[in-house]
Amino acid sequence: MEIFEWNLDETAQNERLDKWLSTQDNDWSRTQVQQWMKEGNLTVNGTVVKSNYKCQIGDKINLTVPEPQLLDAEPEEMDLDIVYEDEHVLVVNKPRGMVVHPAPGHLTGTLVNGLMAHCKDLSGINGVLRPGIVHRIDKDTSGLLMVAKNDKAHESLVNQLKDKTTTRIYKGIAHGVITHDHGTIDAPIGRDKQDRQSMTVTDVNSRDAVTHFTVLERLKDFTLVECRLETGRTHQIRVHLKYIGHPLAGDPKYGPPRTLKLPIVGQALHAATLGFTHPVSGERLTFERDVPEDFHHLLEEIRKTSH
């Protein structure tokens with residue numbers, strides 16, 4: 001189990017506690033928070049309260065998050081693109097359209113299902129729902145992911161992410177022509193109050209988010225761009241590029257409606273480069289994988305219309 005503590009300030013004043021808590025972690029739904037409160041896992045100033053409790057300045061919140069319940073996720077034989085593997089870590093090139101880990105109502109066909117069949121020694125730090133998973137990429141984003149095969153490796157890789165010493169570089173096709181050759185988007189990201197399934201740039205209940213970008217190629221109405229993550233917030237690149245007026249091509253959530261007419265299913269975003277320090281040997285490892293066929297096809301189609 002995990003224990004979380006907060007001392008509330010004026011930004012939470014008079015907000016419903018269940019609503020406020022659901023913005024504190026990208027994986028916590030309001031329904032889940034309400035269930036924890038109903039089970040007595042949360043106290044305000046030492047007292048159990050109802051989910052409609054209104055936050056007050058100075059309130060001390062204590063939340064105990066229980067271990068995730070076991071879902072009936074079974075190993076599934078899959079043709080995984082394993083880029084690197086040893087007894088401690090594994091790097092896989094995830095295809096577009098594959099969900100990373102199981103969730104209620106989606107227990108099969110995930111990367112975790114495939115990993116469970118591929119190797120028997122995934123780390124358990126993230127609980128039974130996400131064995132070995134250190135970080136995620138969205139279902140319709142392709143590319144490189146690192147996976148921990150034991151708890152020591154998991155802790156090391158997570159700490160590298162926190163210390164910003166990993167290398168995570170993505171390639172994307174953005175709407176419009178980005179005029180700057182290089183840039184940094186430093187804008188905090190939190191839940192969109194109008195749409196709980198989306199993230200947005202906001203100062204309210206948000207976390208710092210920094211994306212560095214480099215223009216690789218300018219095309220008519222589009223830009224091929226490289227983005228380096230300094231932080232790793234949910235949908236970070238997708239939200240940041242939308243924020244500067246250049247949403248990703250094909251992005252059904254953050255792109256313009258015409259995005260849906262492009263010959264690609266999901267956002268044109270690929271985790272192309274992944275680098276980290278090996279948790280045991282200390283060796284610096286860097287891996288690269290080219291964009292998938294559908295991304296390449298879309299890029300070629302755009303290039304044809306640009307001449």
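Entry 1. I take strands as DSSP runs of E of at least two residues, numbered from the N terminus. On that basis I placed D221 in the loop that runs between β11 (210–219) and β12 (222–229). I note that the model is predicted.

Entry 2. I looked up the backbone of D221 and found phi near 75 degrees, a positive value in a residue other than glycine.

Entry 3. I located N45 in the loop between β2 (42–44) and β3 (60–65). The relative accessible area of N45 is 46%, so N45 goes down as partly exposed.

Entry 4. I turned to the domains. The assignment for the chain gives domain 1 as 2–65 and domain 2 as 82–306. I read a distance of 30 Å between the C-alpha centres of domain 1 and domain 2.

Entry 5. I went through the interface. I count 9 residues of domain 1 in contact with 8 residues of domain 2. Between them, domain 1 and domain 2 bury about 860 Å², with 28% of that on carbon and sulfur atoms. On the side of domain 1 that touches domain 2, I sorted the residues into 2 nonpolar, 4 polar and 3 charged.

Entry 6. Which pairings cross the interface? I found 2 residue pairs in polar contact between domain 1 and domain 2, both at pLDDT 80 or more. My count of salt bridges between domain 1 and domain 2 is 0.

Technical notes. Residues numbered from 1 in each chain as written. Predicted model: local features only at pLDDT ≥ 70, side-chain atom pairs only at ≥ 80, totals over all residues. Heavy atoms only, no water. Domains from an automatic or database assignment. Contact = heavy atoms within 4.5 Å. Buried area = accessible area lost by both parts, 1.4 Å probe. Salt bridge = Lys/Arg side-chain N within 4 Å of Asp/Glu carboxyl O. Polar contact = N/O pair within 3.5 Å; in protein donor to acceptor, adjacent residues only side chain to side chain. Nonpolar A, V, L, I, M, F, W, Y, C, P; charged D, E, K, R; others polar. Helix = DSSP H or I, 4+ residues; strand = E, 2+ residues; numbered from the N terminus. Buried < 20%, exposed > 50% of the residue type's maximum accessible area, 1.4 Å probe, protein only.
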